Protein chains: 2
Amino acid sequence: MSRVGIVGIGHTIFGRRSDATVQELAFEAYRAALEDGDVDPAVIEATVIGSVPEYHKQRSLAGVIQEYLNLNPKPTWLTEVACASGSAAIRTAWMSIKAGVHDVVAVIGCQKMTELETAEILALMGRVGDVQWESGFGTTFPGYYAMFARRHMHEFGTTAEHLAQVAVKNHHYGARNSKALFQKEITTAKALASDPVATPLTVYDCCANADGAACVILANERAARKMGGDRAVWLDGNGCATSSMSVLRRTDLTGIPSAQEAARQAYEMAGITAADVKVAEVHDCFTIAEIMAYEDLGFCAKGEGGAFIAEKQSYIGGSTPVNVDGGLKAKGHPVGATGVSMACEMVRQLRNEAGERQVPGADVGLTHNVGGIGQYCFVNVFKKD
Amino acid sequence: MSRVGIVGIGHTIFGRRSDATVQELAFEAYRAALEDGDVDPAVIEATVIGSVPEYHKQRSLAGVIQEYLNLNPKPTWLTEVACASGSAAIRTAWMSIKAGVHDVVAVIGCQKMTELETAEILALMGRVGDVQWESGFGTTFPGYYAMFARRHMHEFGTTAEHLAQVAVKNHHYGARNSKALFQKEITTAKALASDPVATPLTVYDCCANADGAACVILANERAARKMGGDRAVWLDGNGCATSSMSVLRRTDLTGIPSAQEAARQAYEMAGITAADVKVAEVHDCFTIAEIMAYEDLGFCAKGEGGAFIAEKQSYIGGSTPVNVDGGLKAKGHPVGATGVSMACEMVRQLRNEAGERQVPGADVGLTHNVGGIGQYCFVNVFKKD
């Protein structure tokens, strides 16, 4: 089976982008990816769009984007799995190339989260939870992750300081990422003193909505070697798994079962273990989510996620640097774009082009993109020859 | 490259289904498909859901469906391309099998169109058109297709009687389909006398919203031969193309460019021509759409679609029987389910199990599923050994 390589990456600034429609954001990322890889648009055979449609005034985004990119009559379609929609688009494109259906495919994750009023957005987000059994009782994302945090604290002695330390790290790196929403450092004291959202989570434990887009251009092995030369980065492991949507059916609230299973698949496919990962992007929608990810991905043992951040093991120089682009926390979270943004950062790291955020010797990278509260998780492993 | 076979089909009744949630509808179709193919659910490796999410109170449907089907932790994700969402799900699953990523995948198209108020649905539908340039001027689906009809009449002499004859045919077959929304015959006179919707289209020129779900289980060649035996039907051609979303950029309003291109791809992949097609399901969201499809697919020459129905060439016994299950017109159009419903009918026909609607000697079948006003089109070719 042929390998699939990434030959171009593009990324808009994440933030409030009232200057651009969603198709304009998509184009901005797509054009940057063409330029990055010196890719002729004539070789793009299809696009796959990762987005959550209902946050936009425009419906059925894929069509309007394909037209704006001047790619008619080539195929396009949209994938949706909440906050992991971008990774589902990558998986779809990866499969299309492995199947021999397409040689080169552009994946675009894009999202405008600020077109609707805040109250509308909150109402929509609540309905990502289980509408039949749970969301009627007022469950929201901060509430779910607060439950996870409480339980993690109870079972393993994780503290509010540990949570704050994740935020401090991610702001530290976000301050060094010109595409990030929050490009400023914070202190543990500031994070701990910020307003409660869903106790024990405070404002600084939560990522922020943002508008933005990211693009990766995938190609089969032959095309990737021809187009990308030494710069090609290989998507060698692709795991995808699901957990029950209703938390009522979970037997453990201190981890995400789909993340553990997706990681197992991706490690096996790529022929690596957690110890081989030199740099990772994980889904830190809330700080507790990053701590659970350390454990779910095997970067540390179960229950030791708090110590892992306290010892700075997830900083550059630690055992597994995590979210050195700022993560969702500091970069912002345009939901459909996030999984593709993670892939962009991995490519940048593996090409040794990440500047002051570069992890030395990064030749194996991992992305971990969770949808909802873990009803979906996609884990990808990237390698550089 | 291995062939992909269909080994099980399931289909709910289409209509107002206030008795069931969307996940219950999905389960109803899925269970029927397992029973139809005598498939052990343990062999299902993944699901792909075709749906337009925003018509449901529940968001991120794929997760809640996967849980309800008891398929966690297996992968799932949703595909969206307006009314062609079900066909995008089929294409995704087909690619995953050709890629060797999965051996057996269940595709479920599902939609509840009646959960929201009619005014909300109409507002959402309007926004499937180009929001930036067109829908602000009041464009709607009936309006777009009325323009197509006007132009077809002007250029080729197509008449209101031709349109009505399509409706009469599809109601004729819908009356013989126990899953159809409208199981009653109509007359040309009744159709012509019905209320105008967007002149020249009347009520009987328009398909109706409905709730419903359909499921097809796809398998790689080895598994399909083992599981399906002689009953397996092969998905040998899969075409997908796009046209501009804004009708402003179309140079011809008498056909759907994406349909012509998708058909070309599918015929080439399957090694057939239009003349080989023994039975077809086409996207008759409006009667004019079926007439354009005859031409776009090559069942007759350009401009002769009106004569094609007048001569009953699309009836059983004619040169290419079309929509002999009632089509969207009589069966109803639960948008995400429609493409999968079409595939179910093709399998039924090619297995020679369609009862009084059976097309004699049907060994090559075609489905044509349009999204929006043709910003997407998927054409599939099915064969029976």
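Helix 9 of chain B covers residues 257–270, 14 residues in total, and spans 20 Å from its first C-alpha to its last, close to the 20 Å expected at 1.5 Å a residue. The model described here is predicted.

The buried residues of helix 9 of chain B are B:Ser258, B:Ala259, B:Gln260, B:Glu261, B:Ala262, B:Ala263, B:Ala266, B:Tyr267 and B:Ala270. An α-helix has 3.6 residues a turn, so residues three or four places apart point the same way. After helix 9 comes B:Gly271, which has a positive phi, near 65 degrees.

Strand 4 of chain B (residues 104–111) is mostly covered, with 8 of its 8 residues buried. In a regular strand the side chains alternate between the two faces of the sheet. Both faces of strand 4 are covered: B:Val104, B:Ala106, B:Ile108 and B:Cys110 are buried on one side, and B:Val105, B:Val107, B:Gly109 and B:Gln111 on the other.

| Partner strand in chain B | Sense | Bridges |
|---|---|---|
| Strand 2 (residues 46–50) | parallel | 5 bridges |
| Strand 7 (residues 212–220) | antiparallel | 8 bridges |

B:Val105 of strand 4 is the bridge partner of B:Ala46, while B:Ile108 has B:Cys215 in strand 7 as its bridge partner.

Conventions: Residues are numbered from 1 along each chain as its sequence is written. Chains are lettered from A and ligands numbered from 1 in the order in which they are written. This is a predicted model: local features need pLDDT of at least 70, side-chain atom pairs count only at pLDDT 80 or more; totals for chains, interfaces and linings use all residues. Helices (H or I, at least four residues) and strands (E, at least two) are DSSP runs, numbered from the N terminus. The expected span of a helix is 1.5 Å times one less than its number of residues. A residue is buried if 20 or more other C-beta atoms lie within 10 Å of its own, exposed if 12 or fewer, and partly exposed in between; C-beta atoms are placed from the backbone. Two strands pair if DSSP finds at least two bridges between them.
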